[in-house]
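Hello,

The structure we talked about is below. My notes on it follow.

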Amino acid sequence: MAGNPVDPLQTLSAALAVPADSKEQADLLATLRESLEAHPGPIPILCTTLIKTVSGAGDSLLKRWVIDLLHFAICRSSLSIDARTQLASQSVETLAALLHDANPTTVKVSVQCFATVYPLLFRLLCVNRNARDLWQVLSQAKTRILEYVWSPAVSNGIKFAAIKFMQRAILVQTRGISDPRLQKQNDPNLAMLPSDHPFMSVTALEAEGVELMKGVFTILYTSNNPDIIVAVINSWASLIKARPALTEVLVSTLAQWTPAKLEGLPTFSIKSVEKTIRILLIHISRTPQGSSLQPQIHSALAAQATRLEQATIAEKQRKAAAAAEASRKRSPSSTPSQDAPEAKRPKLDHDTAAAAGSAGFDFTSLPVALVTDLVVANIQAFSEATLIGLVQAYRHKRTQVATETAANVAVESSQAPPETPGPVEETTAEPPVRQKSPTPPPVAVKEEPVDPLKMDIDEEEMEYEPDRLNLELSGGEQEVASPEEAALDREMDLAEDLPPTEFRLPPARDFSEEDRSAVVKSALARISEGAKDLAPMDVDVAAEGTDMWMLLIVRLVTRVTDPAPQGEGGTPEKAEDAMDVVSEFYAHQDRLRQTLCDYIMADFSGRLRLATTWMNEEWYNDRIQEGRDRSWPPNYETWLNQIVAAYQTHLDGKDRTFSRFLLDLPHVPPDVLHLMRDSCTEADRRQMGFAALREFVTQRPSLRAEAMTILLELTTHPDKITRGAAINTVKRWIPDVQPMDSMIREFALQLLRRLQSRPKRDKSEDVPMNGTHDEHMEDGQLPPEDIIQTPYLPEELEFPANNAQILQHLELLFALSTKVPEFLDEIFAAYGGMEETVQETIQQLITPLIRALGSSHGRLLTLLRTFPPGAESLGLRVLTIFTESGRPSSQLVSLVKSLVSERDLDPRFLVPIIAEMDKGDIHRHLPRIVSVLNGQPEPKNVVRAVFGSVVQTPPQTFGTVSSNLPRVQQSERLSPAELMVLLHQSEKEIGLKSAIEAINICFSMTDVFRSEVLGAFMNQIVDEPVLPTLFLRTVIQAVTTYRSLVSFVSTTLLSRLITKKIWTNGPLWEGFIRCAKLIAPASFGALLQLPKDQLRELVDKQPSLKAGLREYVVKKAGNRARTAGYLDIFGEDGQGPGQGMAAAAPPAVDGPGAEPGMQVPVAPQSPVTPT
């Protein structure tokens, strides 16, 4: 299912279409869940849509499925932190509402979700200062969950989840590492919270975190539930790791704890809590934080050992008293009266009656624990010397019985225990030290199995004869054996040796399954303990001894033979019985393996050699067995997966032990490699995963190809952190480590080729794909079968290009280019064959690389000079990056100037260096830059920036005349008037539309192109022999913008244009007419200087000027004849007011401006003095 994902929407629709809560719906939802776990991409969309439907809804299969899916997505999926944070913020209100749901399971899952939601949203809210409502919802949910911790009415499941949430809240609301460079993204804490946050108070949250810690301590000291106490203590390991500053207070708390509140509970429950505390203290002592707390930890462990020893003694006394009481109640006649004289005790008739009374009792009906307590209590009643004599007598009796007949050995051995009371009575009748024995000496006592709980917590030493040890340490004398015992010993010493031919071993005792397990565990424990005797010896000898016992234990577990059960006389049993025996035998071996696995995983780093030895032996044994039996089920992969799965539950991401373990394996199955791939994508296990794969590549040539493939595919992972870690891993083998170097280079270039356009077929043609597809390919394209594919890349690129997808393809190549500059050539060579949006994306993504290499990088400068056709835009982007943060170097300026002169390049190549050119080069190249204007905002902004860089802002005193101004050295930059002149003189090269747009840009720069600058420009251009076409348009725009220029234009500029016979140039003449109309009546004086034909043409084109001109002429009342002529042009017949004025006027004089009354002032009135 993981390899073939289902369509999420289709499967969900099918599940909603079937009857609710039916088996069909359950199957469909289970299939969808399995697919989503393997491919979690669609989960955020589904959860965002479905979570809104479960709030307030009744309990149903779909509701439980949605809540479980949300829990998986937020807490356990491989989604990125940002995706999980967004999903948490969208579902927090629904989760808060589910805390009040009637179903306890729903409430528990919601609380478990909040254990991850709270840290995620805290990290988000540290930077988002506007989401106050989100914080209020989160705070209310926190309050509700913490109430569950103290409520006696909630179930243990909800309470455990609430305690875990409390521990997460403590982690968040305490201070972590203050250095922002060392802070981890997955460890949000108060160090990330700004002190001026508008609605999250650092002080209040820190105080609440302290109160929560006090609450945890209260639970530890006051709770009488061992399960809750164990849960609290287990949560402290991660707390100590993340917050080392809390180590001292936690150790002090553990050292002061006593099981006072657990009084009355079963002993095993109290020992479970004690074991948990002991493990945690030992773990702390091995950490760097615990090095300074060693005395306190050792003192706490010693106090705990004393406490456990006292508890064990008290428990034994209690059991002995209970056993004696039970024995007294069951057979009152068998216990002699304490007040009876000692002489009466050895009466045979009394013992015979007691034995007869107990003979009919079925001891198998007693509980095993009670029988064990009875046996132990009876054995404790004898001294050591007496007990040894009893054992020797029993062995002597058994040996005599075995030599009589071999045929009845089984029967005699089974009846041997009842025959032993005779000698026992003989040895127990006389000595007064045995008169206190409450029962006859037991002779058929089974070996007491080792208590696994005691083995687990290393308390076996409390069971090994403490009375004898105390006696030896005190120097006391041992008890003197009785005369009967001495005589028995002499008799045994004088017995004849048995002939070897007649000696036969007694048959093996038939153990129960529990007894077998106990014996095996006891044997394994003794083997392990025996190896410790080598510790004081030489290190090499001790290592050999450790290897010996490890190999012995491992081979006891792995090297097995088929039991092949046979019936009596060697005939085969029934097939069913044989299979049952074989199955039980292999099940027993698997239990032994499970015991060994549990032992290793309890301290994996300390038992790494044992784990490695075990796996090598399992692999070797599988090879041997497969050679004998082709149907042999392999154990190696099964138990290796068990170790791997168990290791994940308590994985330390910085621990290199697991990678060393994998490196020493004889064979690494594909499942483990897939696990390494998954580990690399998870934050907690990323370091371990990459370390293992890196060592596979360097030290395991047989796995190099598979591990290298995983690492290279991870360089295309969508998560930036995972991708960056993979790139850093493979980059270390560039450029000299083979064969990894070649593999990495080829993979990076194949990723680059994926970005080139695919060959497209002509839809109008129906040509089958039979090998003739090459004719549809263009230069730089690859056939589809040559395109590389990884699990993290889409099969086809989406257009327009997505930045994240393109970065998945190129980030490896960019990283390698810093070490191997030749990859830059490959990027430029492939660039021309890419789709336009892909090219635009590359221009954005390549920026960090170019900045890192710098403008002095030799390879980049060479590429700028020789880049292939089609890569002009990329070369321009490189040039722009070089110059965006500083002035270009002289080397770069000369390179671009030569490049522009040699190749027909985009004028935008000149933009970054135009400010560094001299005035002559600016005059030569600026028109090409201006020609890029096309009405779009981007070119307009570029040209505006160029104008700002090449134009010198005029001083505030520009336009005034003073002899006190200092001489200013001529600058290489253009003056504003020079720029205006250049734009008008180059209007044909630039293009009229682009020139008009450039002039408009100048007018928009009001701080540079002021009225006095425009006056100077007009005064300069009007003297040119050939006036530009756009000149009058610019004049009109100037007088429209600055009304102060009207006087200059009307009295000076128009008159000078008339002297240049402006009417001979049609476009300029039209502009003259429009300008005259625009500034009328100020232009009337200049218009009367026109010849009559041109004046008549002007008023014919602009009839609205006639009335004003007529009035202007009448008011002047100059030469009558001349006035009559103007009136004739303006529509008057000479009869009227004009005639009177003409009569009073002096005689007319030919020539424009000759009449005193008609004289147009010629003194310039512009803001600047014409030069």
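The buried residues of helix α16 (buried means under 20% relative accessible area, with a 1.4 Å probe and protein chains only) are L370, D373, V375 and N378. Helices here are DSSP runs of H or I, at least four residues long, numbered from the N terminus. Helix α16 covers residues 368-379, and its end C-alpha atoms lie 17 Å apart, which agrees with the 16 Å that its 12 residues should span at 1.5 Å a residue. That expected span is 1.5 Å times one less than the number of residues.

This is a predicted model, in which local features need pLDDT of at least 70, side-chain atom pairs count only at pLDDT 80 or more, and totals for chains, interfaces and linings use all residues. Residues are numbered from 1 along each chain as its sequence is written, and side-chain values use heavy atoms, without hydrogens or water.

On confidence: pLDDT, the predictor's score for each residue from 0 to 100, averages 75 over the protein chain, and 74% of the residues score at least 70. Helix α54 (residues 1137-1144) has the lowest confidence, a mean of 33, while helix α32 (residues 720-731) has the highest, at 92. Residues 960-970 stay under 50, and the model has 2 contacts (heavy atoms within 4.5 Å) for them beyond four places in sequence.

On packing: a nonpolar core is a set of buried Ala, Val, Leu, Ile, Met, Phe, Trp, Tyr and Cys residues joined through side-chain atoms within 4.5 Å. The largest has 183 residues, of which F661 and F947 touch the most other members. Helix α34 (residues 803-817) gives this core its largest share, 8 residues.

Regards

Definitions and conventions: Helices (H or I, at least four residues) and strands (E, at least two) are DSSP runs, numbered from the N terminus. Buried means under 20% relative accessible area, exposed over 50%, partly exposed in between (1.4 Å probe, protein chains only).
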